[in-house]
Amino acid sequence: MDIGSKVFGKEDKQGNALIVRGFYDENKDWTWATIHLKLANLNKPRLLGYVDVQTATFNCVRDCSKHYHRKAGGFGFNWEILSSNLIHIKTIALRVDDDKLSVFPKKLIEERGTFLNFKQQGFELQKFLDFNLIRPFEKPLKENDTKFRYAEVTKA
């Protein structure tokens, strides 16, 4: 059972901030964390995903109509989160359009991803991964496979 939390943060040169809120149990062992991105030009931070600390899995969601990058042929992943020492991540659990789940190693993004940086438009450094590289990791979706659905991430 979680009994407390602690907030960590990191800011880039453009004023964007990554905010990690880690939750711990009665033994002071970390159990899970939320990761938010606060863009300098927006008032409200956006939830990027959850990390299950025991499995080192980053759970995130994407809506193809909003997040699919045509030039890269796939989805972007915040490189600061994946490469930072704020939180350890080994695996990505990507839920796409709330009906597909792919669980793949972070190493796939490290080795096969492509950097595209939109910082002049207020976005963070991202590494894009072709969706065709993610598809082989698709697995049957079960009710509790990820901690949230797309609607939960985007609600006010």
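Predicted model: local features only at pLDDT ≥ 70, side-chain atom pairs only at ≥ 80, totals over all residues.
Trainee: What is the mean pLDDT of the helix where confidence is lowest?

Mentor: The chain as a whole averages a pLDDT of 82, and 81% of the residues score at least 70. Confidence is highest in helix α3 (residues 106-112), at 95. Over residues 150-156 the pLDDT is below 50, though this stretch has 13 contacts in the model beyond near neighbours in sequence. Helix α5 (residues 150-154) is where confidence is lowest, at a mean of 46.

Trainee: Which are the edge strands of the open sheet?

Mentor: The open sheet has 8 strands and mixed pairing. Its order is β1-β2-β3-β4-β5-β7-β8-β11. An edge strand pairs on one side only, and that holds for β1 (2-11) and β11 (138-139).

Trainee: Which residue in β3 stands opposite Ile 19?

Mentor: Start with the strands: β2 covers residues 17-25 and β3 covers residues 30-38. The two pair in the antiparallel sense over 8 bridges. In β3, the residue opposite Ile 19 is His 36.

Trainee: Lys 28 and Ala 56 each have a positive phi although neither is a glycine. Is Ala 56 buried or exposed?

Mentor: Most residues other than glycine have a negative phi. Lys 28, at about 65 degrees, is found in the loop between β2 and β3 and counts as exposed at 56% relative accessibility. Ala 56, at about 55 degrees, is found in the loop between β4 (46-52) and β5 (57-62). Its relative accessibility is 4%, under the 20% limit, so Ala 56 counts as buried.

Trainee: Which residues touch the most other members of the largest nonpolar core?

Mentor: That core holds 26 residues. The residues that touch the most other members are Ile 35, Phe 77, Ile 92, Leu 94 and Phe 104.

Trainee: What is the angle between the planes of Trp 32 and Tyr 50?

Mentor: A search of the whole structure finds 8 aromatic pairs. Trp 32 and Tyr 50 form one that is tilted, 5.5 Å centre to centre. Trp 32 is in strand β3 and Tyr 50 in strand β4, 18 residues apart. The angle between the planes is 40 degrees.

Trainee: Why is the pair of Phe 77 and Phe 104 edge-to-face?

Mentor: The ring centres are 6.1 Å apart. Phe 77 lies in strand β6 (residues 74-78) and Phe 104 in strand β8 (residues 100-105), so the pair ties together parts 27 residues apart in sequence. Both residues are buried. The pair counts as edge-to-face because planes over 60 degrees apart do, and here the planes are at 80 degrees.

Trainee: Which residues do ring pairs link into a cluster?

Mentor: A pair of aromatic rings is described by the distance of the centres and the angle of the planes. Ring pairs link one cluster made up of Phe 8, Tyr 24 and Trp 30.

Notes: Residues numbered from 1 in each chain as written. Heavy atoms only, no water. Pairing = 2+ DSSP bridges. Helix = DSSP H or I, 4+ residues; strand = E, 2+ residues; numbered from the N terminus. Core = buried A, V, L, I, M, F, W, Y, C linked by side-chain atoms within 4.5 Å. Buried < 20%, exposed > 50% of the residue type's maximum accessible area, 1.4 Å probe, protein only. pLDDT = per-residue confidence, 0-100. Contact = heavy atoms within 4.5 Å. Phe/Tyr/Trp six-rings, centres within 6.5 Å; stacked < 30°, edge-to-face > 60°.
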